[in-house]
Amino acid sequence: TAIGVVMRSNELRLCAINLYGNVIEKRNDALPYRNTNVYYQRIGGIINNFAADVEKKHGKVLGVSFAIQGILSPDATTIIFGTIMGNTGLTLETISQSVHYPCMMIHDSDASAMAELWFDSTLTDAVCVYLERRPGGAVIAGGKLYQGPNQCNGAIEHMTLVPGGRECYCGQRGCMDTYCSPETLPEDYESIPGFFSVLEQGERHHRERMDEWLDYVAQAIVNARSIIAGDVIVGGEAAQHLEDSDIEDLKARVIARSPFGTDHFNLRKSYCAEDQNIIGAALRFAENYLDGICGAAERGRKSRASMTLLKSPTVPFSFPLEVQPVRSSLRLSRYRESSSGMVGSFACSSASSSAAFFSFRPDSQPFKLRTICRIDCMRELAALMSRFRLPMLVCMPFFSNWLTAGPMWTVGILSIPCRA
């Protein structure tokens with residue numbers, strides 16, 4: 001498990017996730033933010049108690065990750081621009097002074113993008129635009145979060161949208177934040193949900209303000225896509241109120257303003273999970289842990305293909321198995337490739353319920369297996385399979401050589417735990 005934390009002006013929010021990325025525990029405390037040691041000591045106690053409860057119910061906590069409203073130093077240990085929370089110069093050491101677990105920091109928009117990647121394995125290149133009250137952005141390149149050497153890629157909120165325009169909290173004028181924040185939509189004493197409620201009723205002045213706001217958002221996306229002409233993910237508080245028709249309208253406005261007619265892209269709403277940035281922050285620890293198990297190079301789409309047992313129901317596939325005595329490993333004695341040349345992976349287990357993955361390639365000699373990784377418990381195996389979208393189709397104990405050839409599997413990993 002891993003824990004994500006966000007410190008807000010008036011509360012502290014915590015989420016614990018398992019290795020599937022599912023939220024298993026939550027906690028919210030009404031605790032006004034103060035940039036003082038007393039505050040950090042207090043939240044340290046809250047986090048430690050929360051983590052202890054999580055460990056009792058769900059197992060070891062890998063670490064605690066803080067989603068930060070601010071720009072981090074290149075080594076991600078210091079907040080170098082923290083005007084929103086008034087904590088510029090704050091260090092990870094200070095924040096975590098009383099936390100008894102490994103800690104890290106990540107920009108909150110990058111954390112939200114982490115969740116996008118985790119729950120959508122098809123993402124390759126995308127610009128993430130989070131239309132929160134203080135907007136932010138992130139960049140996904142090559143199927144990975146791309147923060148850059150300065151940890152601030154995708155800081156679209158401070159891109160100049162209107163030269164000499166409205167004053168921004170960063171000290172500049174005309175920033176995207178001042179035009180694309182959903183705070184610019186409501187009239188005096190009107191809430192953001194209230195604005196969208198009246199908009200649905202067709203009120204003309206609300207529609208005019210919405211059109212103007214969509215134009216600004218579209219121009220910001222066009223500017224961002226001039227650097228990375230990939231897909232666009234729109235999230236944040238405002239996105240939760242956008243209908244499919246609004247998303248289509250926004251894409252049309254982006255295309256109309258794009259100078260090169262780059263209309264071959266997807267523009268869609270974000271994953272839009274509650275506490276998405278907190279979940280994404282925690283996923284950093286889950287990602288690092290799974291990388292340690294299978295190696296970062298094996299986490300890409302090629303490894304997903306190589307770790308999947310591929311079988312066509314129309315093509316004969318033979319996997320005669322030789323089972324050694326109990327407490328010994330399960331070995332593959334021979335295999336036969338399909339006519340399409342597709343081969344897959346096999347997971348074998350020992351008496352201690354550990355597992356090893358082996359891959360087979362058409363160009364390799366029979367019996368020559370390449371070990372990909374080793375996993376020390378079946379819980380981690382199941383989590384890894386979930387991470388790579390691999391269903392566990394077969395999981396059973398064995399006592400003798402009774403597994404025979406035949407079209408038993410379609411897609412998945414075969415896991416056979418031994419019994420002492």
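The model is predicted, so to speak of a local feature we ask for pLDDT of at least 70, side-chain atom pairs count only at pLDDT 80 or more, and totals for chains, interfaces and linings use all residues. Residues are numbered from 1 along each chain as its sequence is written, and side-chain values use heavy atoms, with hydrogens and water left out. Helices (H or I, at least four residues) and strands (E, at least two) are DSSP runs, numbered from the N terminus.

**Helix α1**

- Helix α1 covers residues 37-58, 22 residues in total, and spans 31 Å from first C-alpha to last, close to the 32 Å expected at 1.5 Å a residue; that expected span is 1.5 Å times one less than the number of residues.
- Its buried residues are Tyr-39, Tyr-40, Ile-43, Gly-44, Ile-46, Ile-47, Asn-48, Phe-50, Ala-51 and Val-54. Buried means under 20% relative accessible area, exposed over 50%, and partly exposed in between, with a 1.4 Å probe and protein chains only.
- Those buried residues pack against the strands β1 (2-7), β2 (12-17), β3 (23-29) and β4 (64-68), and also against α2 (92-95).

- β2 and β3 pair in the antiparallel sense over six bridges; two strands pair if DSSP finds at least two bridges between them.
- Across the pairing, Leu-14 stands opposite Arg-27 in β3.
- Five residues sit between the two strands of this hairpin, and Gly-21 in the turn has a positive phi of about 90°.
- Asn-18 is in the loop between β2 and β3, and it is buried at a relative accessible area of 19%.
- The Asn-18 side chain reaches the backbone nitrogen of Tyr-20 at 3.0 Å.
- Leaving aside neighbours within four places in sequence, Asn-18 is in contact (heavy atoms within 4.5 Å) with Thr-1 and Ile-24.

**Salt bridges**

- The structure holds 22 salt bridges, each being a side-chain nitrogen of Lys or Arg within 4 Å of a carboxyl oxygen of Asp or Glu.
- One of them pairs Glu-25 with Lys-57, with the closest N and O atoms 3.6 Å apart. This pair links distant parts of the chain, with Glu-25 in strand β3 and Lys-57 in helix α1, 32 residues apart. Lys-57 is exposed, at a relative accessible area of 57%.
- Arg-253 forms a salt bridge with Asp-211, the closest N and O atoms being 3.0 Å apart. Here too distant parts of the chain are linked: Arg-253 is in helix α7 (residues 244-257) and Asp-211 in helix α6 (residues 204-225), 42 residues apart.
- Arg-253 counts as buried at 14% relative accessibility, while Asp-211 counts as partly exposed at 26%.
- Arg-253 also meets Asp-249 in a salt bridge, at 3.0 Å from N to O. Both residues lie in helix α7, four residues apart, about one turn of the helix. Asp-249 is partly exposed, with a relative accessible area of 24%.
- Elsewhere, salt bridges that share partners join Arg-8, Glu-11, Arg-13, Lys-26, Glu-274 and Asp-275 into one network.

Technical notes
Polar contact = N/O pair within 3.5 Å; in protein donor to acceptor, adjacent residues only side chain to side chain.
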